[in-house]
Amino acid sequence: MKRRSDSGVPDPNEIAELRVRADAGDQNAAGRLGELLARSGDKEGALYVWARAYGDSSPTTKRLAELMAEDGDLQGAVRAWEGSDALWYNPEGLHQEHMRSLDPEDRMWEDDGPEEWGFIEAEKLTLMLVERGDEATIAELRAKADAGDSYAAMLLAAGEERYRRRKNARARPEGPLAE
């Protein structure tokens with residue numbers, strides 16, 4: 001099957017085939033479909049496809065992407081999914097297609113995978129939840145901090161600072177009469 005037209009635009013026939021397969025539950029097809037949609041500018045469509053296909057198996061990625069999208073950061077939400085194991089290791093995905101095109105030596109240098117992504121992703125999600133004043137997340141971090149977990153204390157402090165900034169930014173009047 002031809003994967004792309006000569007202009008680099010996804011082949012409409014490939015998109016149609018991938019949609020049928022994704023609708024039938026093929027996660028690999030859904031992953032590639034989302035990547036092609038994102039590359040062609042349909043970030044919302046890509047996010048929908050990925051959340052539907054991988055949301056149950058990647059709840060942290062799904063929630064992080066949802067919060068980023070709520071903040072208007074669609075590119076960040078797309079990057080969250082693109083860094084996930086589900087897409088990174090998808091045998092039909094664009095990353096794996098790229099890896100197969102490399103000679104073995106180049107492949108070795110580029111095959112560094114998102115080993116730390118799960119940790120980074122969880123941290124970002126925690127900070128975003130604290131920033132929004134999520135009581136359950138704050139209570140969990142407080143309990144850990146009170147038990148001596150310095151990392152939890154650091155996350156709590158950073159998240160609360162972001163919460164204050166967000167709250168103050170909303171409280172400030174905007175426009176020409178603001179000052």
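1. The lining of the largest pocket comprises 8 nonpolar, 2 polar and 4 charged residues. In this scheme Ala, Val, Leu, Ile, Met, Phe, Trp, Tyr, Cys and Pro are nonpolar, Asp, Glu, Lys and Arg are charged, and the others, Gly among them, are polar. The model is predicted: local features need pLDDT of at least 70, side-chain atom pairs count only at pLDDT 80 or more, and totals for chains, interfaces and linings use all residues. Residues are numbered from 1 along each chain as its sequence is written, and side-chain values use heavy atoms, with hydrogens and water left out.

2. The volume of the largest pocket is about 220 Å³. Among its 14 lining residues, Ala122, Thr126, Leu141, Lys144 and Leu155 are the closest to the centre. A pocket here is an open set of points on a 1 Å grid over the protein atoms alone, where a 1.4 Å probe fits, with protein on both sides within 12 Å along at least five of seven lines; lining residues have an atom within 4 Å of a point. Grid points are joined across faces, edges and corners, and the volume is the space filled by probe spheres set on the points.

3. At least two lining residues of the largest pocket come from each of helix 9 (117-131), helix 10 (135-146) and helix 11 (150-171). Helix 9 gives the most, with 6 residues.

4. The second largest pocket holds about 180 Å³ of space. Its lining includes Arg19, Asp23, Asp26, Gln27, Leu33, Tyr48 and Arg52. Helix 1 (12-23), helix 2 (27-39) and helix 3 (43-54) each supply at least two of the lining residues, and the largest share, 4 residues, comes from helix 3. By class, this lining divides into 6 nonpolar, 2 polar and 4 charged residues.

5. The chain has 11 helices and 0 strands; helices (H or I, at least four residues) and strands (E, at least two) are DSSP runs, numbered from the N terminus. Of the 179 residues in the chain, 37% are buried, that is, under 20% relative accessible area with a 1.4 Å probe and protein chains only. Among contacts (heavy atoms within 4.5 Å) with a separation of 6 or more, 55% join residues 24 or more positions apart.

6. The largest nonpolar core has 30 residues, of which Leu33, Leu47, Trp50, Tyr54, Leu64, Met68 and Trp81 touch the most other members. Helix 1, helix 2, helix 3, helix 4 (59-70), helix 5 (74-82), helix 6 (85-88) and helix 9 each supply at least two residues of this core. Apart from it lies another core, of 7 residues, including Val130, Leu141, Ala152 and Leu156. A nonpolar core is a set of buried Ala, Val, Leu, Ile, Met, Phe, Trp, Tyr and Cys residues joined through side-chain atoms within 4.5 Å.

7. Which residues does Tyr54 contact, leaving aside its neighbours within four places in sequence? They are Gln27, Asn28, Gly31, Trp81, Ala86, Leu87 and Asn90.

8. Asp11 sits in the segment before helix 1 and is buried, with a relative accessible area of 14%. A polar atom of its side chain lies 3.1 Å from the backbone nitrogen of Asn13. Glu14, in helix 1, is buried with a relative accessible area of 0%. Between Glu14 and Ala29, 15 residues apart in sequence, the C-alpha to C-alpha distance is 10.0 Å.

Conventions. Buried < 20%, exposed > 50% of the residue type's maximum accessible area, 1.4 Å probe, protein only. Polar contact = N/O pair within 3.5 Å; in protein donor to acceptor, adjacent residues only side chain to side chain.
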